[in-house]
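Subject: Structure handover

Hi,

Here is the structure for you to take over. Please open it first, then read my notes below.

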Amino acid sequence: MFKHYFKTAVRNLGKSKVFSFINILGLTIGLTCCILMVLYIRHELSYDDFQKKGDRITRVIMEYSMGGSVMSGNFTSTKVAPAFKKNFPEVEQAVRMTNSNRIIHYDDKLFDEKSFMYADSTFFDIFSFKLLKGNPQYALSGPNVVVVTQSTSKKYFGNDDPVGKIIKVGSDETPYQVTGVIEDCPSNSQIKYDMLASFSSLGETQEETYWNANFTTYLLLKDKKDIASLQAKIPAFMKKEMAAVLSGNDYVTFNLEPFRSIHLHSPYEGFEPNSSITYIYIIGIVALLILAIACFTYVNLSTARSMERAKEVGIRKVSGAHKKQIFWQFIGESMILSVISLLLSFGLAALLLPSFNQLADRQLDLYSMFSPFIIGLAILIIICISLFAGSYPALILSGFQPVKVLKGAFKNTGSGLLLRKTLIVFQFAISAFLIVATFIIQNQLHFIQNKDLGFDREHIVVLPLDQKMRDNLNTIKTEFKTNPDVLSLAKASNEPINIISGFNMRRADQADKENISVNANVVDEDFIKTIGAKIIEGTDFTLQDSKDVLDAKEDDKVTYHFILNESAAKALGWTPEEAIGKKMYLGDQRPGLVKAVVKDFNFSSFHDPIKPLVLFNEGWGGNLLVKLSGKHLPQTLAFLESKWKELVPQRPFEYRFLDDDYNKLYQSEIRLGKVLNIFATIAILLAALGLFGLSAYTIQQRTKEIGIRKVLGASVPNVITLLSKDFLTLVIIASLIAFPIAWWAMNKWLEDFVYRVSIGWWIFLISGIIAVVISLLTVSFLAVKAAVANPVKSLRTE
Amino acid sequence: MLELKGIYKWVNTGNHRTFLLKDVDMTVQAGEFISIMGPSGSGKSTLLNVIGMLDEFNEGEYIFMNESVHKLKEKQRSSLYKQYIGFVFQAYHLIDELTVYENIETPLIYQNIKTSERKAMVADILDRFQIVGKKDLFPTQLSGGQQQLVGIARALIANPKLLLADEPTGNLNSKQGEEIMNLFKQLNDEGMTIIQVTHSEKNAAYGSHIINLLDGMIQKN
C-alpha cells in the first residue's frame, strides 16, 4: 500500500512539473531560511552553556554617582575581586580579566594579537576552558607567563611543543614564558582569547583602589541562589569602604549579573559584542513567516489542482478506497514533497553558510547543522508542514463524491476559493509589511549616514595616545603635519561621535547641591578645528589656554577654560552671548571661565538627544584625532605609519577611522537592515512564486471562457485585465492590511531614536507599487500567453 | 440478487421538484444480463449509480444480496459494494499516472490483499484478457478499446458478483465495441450478472432482458 502511494506520488510530482517545481523551490527556500535561523538562534541561546559552573558565575557591574549623575558599566577596579572574596562568604572564587592588543615576537615571526587576555590564576577554577598541556594550578601564577590556544600554538610553533618557549610581548619585548596549551574558545563563548597571560604580568596596575576601573571581574558563588543575598549586602559594604573618599550623595556600588544571561540580556558588552533577545525574536518570527508563505503556496496550488486530481480520487473511491485512505495518500504526497525540499534545503544551507556567517558575524560550522537536535527538529518541521500544508487539500480531495467528479459535473468549491484568496492576501500582507519595514530601516540608516551631525566626521583617523606621547604631543603634531594631506591633529578623551564621560557643572553663583550633570570631553586647542564644529559665540581655545592648565604646578590656583555647547549654556541659564566670560565649575575642582559656545552637535548616537556638553583641557585623553584631506589616502596612511614608527617606537601603529566607529554605534540596526533586506526579497519572491502557480491553474481553468470571450470580440488587453484584476484586488487588500501594522511597528522601532525620519506616505506608495507591479508581472506573464492564444484551439479541446 | 421497490430520486430547483427516478421497481436475478435503454436524460445512469451504491435515492427500498441497502451505514455499504460490484465506465476512467498493471491492482489494494496474492490475481486476469504485453504501459499509450479492456479487467479483478457498465462502448468504434460486447456475453455465460446502460439497440440485444426508461420511469412493454 505504502509503495503504491509512494509511486503515485512520485509520478504525480513528475507529471506536473511546474507545480512540483514551484512547491519544492518555495519550501526549499523557506526551509533554508529556517535552518539557518535555527542554527543562529540555537547558537545564540547556547552561549556559555559549556561553562559547567556557569549558573554560579556572576559578572560585576560598577555603578557610581558623582554629583547626581549616575554611571554604570562592565568595568571594575583590581580591588573588587580580592575584597569581595575576603569579605563575603558567598564568594567561592573571583577572577579579574582584561583584554588588550599586543605585538608578539617569536623568532622572526611578528603578529599583532587582538585577543591577548590577562587573567588571574583562579581563571581555571571558575571557567571550564580545558588546559591541554600544563598545570592549571601554576599555568597562570607569577608574572610574565602565558597560555596559548591550540590554533595560536600552531601559528607560532607549528607542531613543536610550545611549553617552555619564550615569546616577546609588546613593543618593549617583555619575555613571557609559555606554560600551557588551552583548547580554542568555542564560538559560543563570551570570553574569547588567543593568548591568556597571568594577571600579575600587568604589574603596577594592580592597585588597591576602587577607582581605575579597567577590568572585568567575575565571581564564582558557592550557590547560584546566593546572588540575591550577596547583591543586597554590597551597597552597605561599599558605603563603608568608600566612606573616606566619598561625601554627600556620591556613591560607588556594584551589581551582579548572572553570567549566562549576559550575551542576550545585558546592556553591557562582554569581551565581544552582545546579541539581544529581541533581535532573536524578530529573526525567529520572520523566518517562520517565510516558511508560512511557502506552505501557503503549497496549500493554494494543491487545492487549485484538486480539479485535476478529482478524477483519480473518484476512480479510487469507486475501486473501494475509504475517505481515510485517500486522505493519507495526499498527506503522504505532501510529505514526499517536504522531504525532498528538506534535503535540498540542507544542501542549500550548507552552501550559504559562509555568506550567512559573514552577515551574522558568527562562525557557525557545517557540523552543527547535522546535530541530533537540528535533525530532530527538521523531522518535526516536516511532519508539521505535511500535516499543516497537506491536510486541507487532502481533506478537500478525499471528500469528493465519485459520481459527481466522474461525470464531470464537478466544480471547484466556493470555500476553497475563499481560502486560496485569504492565503494570497496573507502572503502579500507579510511581503508588504517586510517591504515597508525594509524601506523605513534603510531610510533611517540613510538618515544616520547623511544627517549633518554639526561636525565633520569624514577622513578623521583615530590613533591611540599614551602618556609618553602626550608629553611629546606638539612635536608629534608638527611632524605629522609636514605632510600636506594631514590637515590638523587634536587630542580627545572621547571620540566626538560618542562622548560618554560624565561630570557635573554649576555656575559660580550656584550652591554645590545645584549641580547639573553634563558630559565633558578633554580636548586640546585643535579639537574644534579638527572636527569642524561651529563656534557661535566667543573664540576657540588657544595653545596658551592649554598651557594654563597643563603647566600648572601642584598648588597653583588653576583657572580652566571651557567651551560649552548651546544646550550646556541653556542648562546653566545663559544665552550664548551671556555665557562668554562667565565663571563656572566643572566638578568641584575645576573653576573656570567660559571661552566660547559651540553649536550643538550630535556627540552620541541618535538614540539620545543632544545633551549639555563641556569641552576643556587637562593632562589626559587617550585619542589622537588626525584630520586628513581625503586625497591620496593610502599614501597618507603609509606616511602616518612611517612617522609613527619613528616617533612612537613603543607602540604598534593601529588606526581606526572615525566614520567606522560611528557606524559601529548602529551596528545592530545596520545588521537588522541587512537581514530584513534579504528576508523581504525572499518573501516577495515566494509570494510571487505562489501567485504564479495559482494564476497558471486559474488561467488553465478559464481557457474555455477566454476562448469564448475572444470569439465574441474581446481584445487581448481586455482578457489580460480580466485575468489580472482578481489577483490585483487581493494584493491591494493585502497592502491595505499590512500598511497600518507596518506603520505602527516601525513607529515603535523609530521611537528608539531621538533623531529619526518621519514615515512618509511615499514609503507606502512605493511599497504598494512594488507589490502591485511584481504581482502584475507575475500574473500577466501567463495572462498574455492565454490571451493571445487562438480561441478555436482552446474551444476545440473542451 | 437485487430488488428495487418504489425508488424515487429527485432534485429541488427553487420551488420546482425534478424527478430523476420515479417509482422504479426492478428485480435482477443472478446470471441475468440486463440492458437499460432510453433517451438522454431519462435517468439510465442515475439508475445504474443507485444500483451501484454510488448515488443515493430519496424514497423506496433497495435490497441487495438480502441486505437492505437504504438502511446501511456508509461504511457497511462501501464494504458490501467493494465485495460484490465492479464498475465499467464509458470514459474508461483509468488513472493516468498508473500503469496498466497498477490500475488493475488498485481495487485489491483497497481490499487489503497481500502483495503476492495481488500479483497472482493481476497476472491471471492479464493473461485471460491477453494484455500481458501491455502491463507496463500507461493508459495514454493504449487505444480506446485496449483502455476499456483494462477498465473491465480492473472491474473484474476482485471477483465481483455484479458488473455495472455505463455505456461501455460509447467512446469506441464499432469493431472495438463489438469485441467488448462479446467479452460481456462471454462473462455472462460464465455466470456473471451484468447490468449495462446503452444507447445502441444492437448492444442491448446482447442482454437477456431490456429495460426501457423514459423520464425516470420504467416503460412497460
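I start with A:Phe428. Leaving aside neighbours within four places in sequence, A:Phe428 is in contact with A:Ala687, A:Leu730, A:Val731, A:Ala734 and A:Ala771. Keep in mind throughout that this is a predicted model.

**Nonpolar cores**

A second, separate core has 58 residues, including A:Leu463, A:Ile531, A:Phe603 and A:Leu640. The largest nonpolar core has 165 residues. A:Phe428 is among the residues with the most contacts inside that largest core, along with A:Ile290, A:Ile293, A:Val436 and A:Ala683. Which helix gives the most to this core? Helix α23 of chain A, residues 667–701, does, with 17 residues.

**Chain A: the four-stranded sheet**

One open sheet in chain A has four strands, in the order β13-β21-β12-β22. The pairing is antiparallel. The edge strands are β13 (486–492) and β22 (656–657) of chain A. Each has a single partner strand, so one side of each is left without a neighbour in the sheet.

Further in, strand β12 of chain A (residues 460–464) runs antiparallel to strand β21 of chain A (residues 623–628). Five bridges join the two. In one of the pairs, A:Leu463 has A:Leu624 of β21(A) as its bridge partner. A:Leu463 also belongs to the second core.

**Chain A: around β20**

Are the faces of strand β20 of chain A (residues 613–616) covered or uncovered? Both are covered. A:Leu613 and A:Leu615 lie on one side, A:Val614 and A:Phe616 on the other, and all are buried.

Strand β20(A) pairs with β15 of chain A (residues 516–522). These two run parallel and share four bridges. A:Asn519 has A:Leu613 as its bridge partner in β20(A). A:Val522 has A:Phe616 as its partner there.

Strand β17 of chain A (residues 560–565) also pairs with β20(A), in the antiparallel sense, over two bridges. Here A:Leu564 stands opposite A:Val614.

Strand β15(A) is itself mostly covered, with five of its seven residues buried. Strand β14 of chain A (residues 502–507) pairs with β15(A) in the antiparallel sense, over four bridges. In that pairing A:Asn504 stands opposite A:Ser517.

**Chain B: overall**

Chain B has seven helices and ten strands. Its radius of gyration is 18 Å. The globule rule gives 17 Å for 221 residues, so chain B is as compact as a globular protein of that length. The C-alpha trace of chain B spans about 55 × 40 × 35 Å along its principal axes. Buried residues make up 44% of the chain's 221 residues. Of the contacts in chain B with a separation of 6 or more, 71% are between residues 24 or more positions apart.

**Chain B: the six-stranded sheet**

Six strands of chain B form an open sheet with mixed pairing. The order is β6-β7-β8-β3-β9-β10. The edges are β6 (85–88) and β10 (217–219) of chain B. Each of these has a single partner strand, so one side of each lacks a neighbour in the sheet. Neighbouring strands in this sheet are turned by 25° against each other on average, direction ignored.

At the β10 end, strand β9 of chain B (residues 209–214) runs antiparallel to β10(B), and three bridges join them. B:Leu214 has B:Met217 as its bridge partner in β10(B).

**Chain B: Lys44**

Is B:Lys44 buried or exposed? With 24 C-beta neighbours inside 10 Å, B:Lys44 counts as buried. The cut-off for that is 20 or more. B:Lys44 lies in helix α1 of chain B (residues 44–51). Leaving aside neighbours within four places in sequence, B:Lys44 is in contact with B:Ile36, B:Gly38, B:Val197 and B:Leu213. B:Lys44 and B:Met217 are 173 residues apart in sequence, and their C-alpha atoms are 9.8 Å apart in space.

**Where the chains meet**

The contact takes 18 residues from chain A and 15 residues from chain B. On the side of chain B that touches chain A, helix α3 of chain B (residues 100–110) gives the most, with four residues. The residues on that side divide into eight nonpolar, four polar and three charged.

Over to you.

Conventions
Residues numbered from 1 in each chain as written. Chains lettered and ligands numbered in written order. Predicted model: local features only at pLDDT ≥ 70, side-chain atom pairs only at ≥ 80, totals over all residues. Contact = placed C-beta atoms within 7 Å. Nonpolar A, V, L, I, M, F, W, Y, C, P; charged D, E, K, R; others polar. Pairing = 2+ DSSP bridges. Buried ≥ 20, exposed ≤ 12 C-beta atoms within 10 Å, placed from the backbone. Axes fitted to C-alpha atoms, helices over the stretch in contact; angles between N-to-C directions. Core = buried A, V, L, I, M, F, W, Y, C linked by C-beta atoms within 7 Å. Rg over C-alpha atoms; globule rule 2.2 N^0.38 Å.
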